[in-house]
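Please take a moment to look over the sequence and the model below before reading on. The paragraphs that follow lead from the whole chain to single residues.

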Amino acid sequence: MSRFFSTKYASLTPYTPGEQPRERKFVKLNTNESPFPPSPLAIAGAAKAAEALHLYSDPTCTPLTARAAEVFGVKPEQLVFTNGSDDALNFAFMAFCDADHPAVFPDITYGFYKVFARLNGVPYEEKPLMEDFSVRVEDYLNCGRTVFLANPNAPTGIALPLSDIEKIAASNPDSVVIIDEAYIDFGGESALPLIDKYDNLLVIQTFSKSRSLAGGRLGMAFGCEALIRDLNTIRYSTNPYNINSMTMAAGVGALEDGAYFRKNCQVIRENRAWTAGELNRLGFAMTDSSANFLFARHPGIPGKELYLALKERGILVRHFDTPRLTDYLRITVGSREQMEILTQTLEELL
Ligand code: PMP
């Protein structure tokens with residue numbers, strides 16, 4: 001830390017992203033990326049947009065917003081694009097949390113919520129998940145706090161039924177309820193149809209997983225027009241050009257190729273079921289994941305040991321070294337070939 005660093009941030013512990021090794025080619029199952037390249041339409045769009053990189057990107061994101069409004073069945077005023085959904089989450093902490101509106105989220109969830117809360121000086125409460133890692137819905141009813149829930153949750157993959165999400169939104173009319181649907185395209189039911197009914201509901205999604213654009217950094221938030229205006233106030237006060245031109249064009253291409261998106265989601269669901277079956281056969285216990293990853297533990301081998309043994313053999317998975325998670329590995333569901341390498345290697349190891 002330099003002697004100039006603001007005391008506001010001196011005690012900040014930054015988020016630790018999953019490893020992105022460049023020096024060795026791993027079977028990379030640690031950051032929930034898609035194993036499939038972007039749609040050819042997305043690639044072509046980005047390449048064409050590169051020709052105009054001397055100009056600023058369009059801060060209104062008009063063509064992308066229009067396309068997304070059609071695809072998702074909302075009004076253009078009900079959505080805003082962000083630099084990955086992390087950007088949307090940060091904006092939500094900035095816009096909808098303060099000392100009078102503290103945040104609440106599960107103790108086991110996406111690690112960035114805590115970082116964003118601290119970055120923005122927002123008080124927060126972490127509600128423990130139940131023994132089986134499910135969310136205790138009662139903890140979020142009438143809670144007088146800005147609610148952040150990942151659905152499906154990470155790293156557990158467990159989804160809450162839409163009826164529970166609706167109960168939470170309905171019981172907190174004076175607080176914003178943010179549903180982070182980074183993994184919704186792989187299972188679970190989106191809360192998007194509820195944004196017309198609840199003016200306190202914000203739904204956040206990403207192009208990073210199901211639409212193969214993690215490196216493009218494209219996220220979006222859906223909500224009533226007033227909530228979206230608030231997020232735009234934050235966006236235009238930080239970086240109106242938060243979406244670069246190539247990503248904007250790639251996003252349009254990705255949305256146009258609905259068939260490619262649906263097929264890839266289907267393959268991931270099939271590969272998830274196949275891998276879960278194999279892991280079961282090898283003695284692993286798992287949560288019931290609706291996401292593009294499995295959350296698994298082997299009763300015979302500590303998580304860290306397995307993580308290191310897999311890494312040595314060229315397979316990267318995610319291990320969280322915290323008391324309740326240390327037995328587990330979070331394994332991204334990749335291509336069938338990657339999953340076969342994983343299960344064969346595990347079989348040899350065990
Ligand atoms: N929410 C959850 C639950 C996630 O796991 C992630 C991915 N790490 C994100 C949001 C952010 O993804 P991105 O910024 O790539 O959209």
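How many residues of domain 1 are in contact with residues of domain 2? There are 25 residues of domain 1 in contact with 25 residues of domain 2, where contact means heavy atoms within 4.5 Å. The domain assignment of the protein chain gives domain 1 as 17-37 + 259-349 and domain 2 as 40-256, and such bounds come from an automatic or database domain assignment. Taken over C-alpha atoms, the centres of these two domains are separated by 25 Å.

Some notes on reading the values come next. This is a predicted model, in which local features need pLDDT of at least 70 and side-chain atom pairs count only at pLDDT 80 or more, while totals for chains, interfaces and linings use all residues. Residues are numbered from 1 along each chain as its sequence is written, and side-chain values use heavy atoms, with hydrogens and water left out.

In soluble globular proteins, nonpolar side chains tend to be buried together. A nonpolar core is a set of buried Ala, Val, Leu, Ile, Met, Phe, Trp, Tyr and Cys residues joined through side-chain atoms within 4.5 Å, and buried means under 20% relative accessible area, exposed over 50%, and partly exposed in between, with a 1.4 Å probe and protein chains only. The largest nonpolar core has 49 residues, of which Phe-81, Leu-201 and Phe-222 touch the most other members. Helix 7 supplies the largest share of this core, 5 residues. Because domain 1 and domain 2 both give residues to this core, it lies between them. Leaving aside residues up to four places away in sequence, Phe-222 touches, among others, Phe-72, Val-74, Leu-192, Leu-201 and Ile-228. A second, separate core of 31 residues includes Ala-154, Ala-296, Tyr-307 and Val-317.

Among the buried residues of helix 8 are Tyr-260, Phe-261, Asn-264, Cys-265, Ile-268 and Leu-279. An α-helix has 3.6 residues a turn, so residues three or four places apart point the same way. The cover over the buried residues of helix 8 includes helix 7 (245-256), strand 10 (293-297) and helix 10 (336-349). After helix 8 comes Gly-283, whose phi is positive, near 95°.

Side chains of opposite charge can pair when their charged atoms come close. A salt bridge is a side-chain nitrogen of Lys or Arg within 4 Å of a carboxyl oxygen of Asp or Glu, and by this rule the count comes to 19 salt bridges. One of them joins the side chains of Lys-48 and Glu-51 at 3.1 Å, N to O, and both Lys-48 and Glu-51 are exposed. Arg-217 forms a salt bridge with Asp-86, the closest N and O atoms being 3.8 Å apart. Arg-217 lies in the loop between strand 7 (201-206) and strand 8 (219-222), whereas Asp-86 lies in helix 3 (residues 84-96), so the pair ties together parts that are 131 residues apart in sequence. With a relative accessible area of 29%, Arg-217 is partly exposed. The C-alpha atoms of Arg-217 and Thr-82 are separated by 7.9 Å, although these residues are 135 residues apart along the chain.

Finally, consider two buried residues. Asn-172 is found in the loop between helix 5 (162-171) and strand 6 (177-180), and it counts as buried because its relative accessible area is 3%. The side chain of Asn-172 reaches the backbone nitrogen of Cys-143 at 2.7 Å. Thr-65 lies in helix 2 (residues 62-72), and Thr-65 is buried, with a relative accessible area of 9%. Not counting residues up to four places away in sequence, Thr-65 touches Thr-60, Pro-76, Leu-79 and Phe-81.

How values were computed:
Helix = DSSP H or I, 4+ residues; strand = E, 2+ residues; numbered from the N terminus. Polar contact = N/O pair within 3.5 Å; in protein donor to acceptor, adjacent residues only side chain to side chain.
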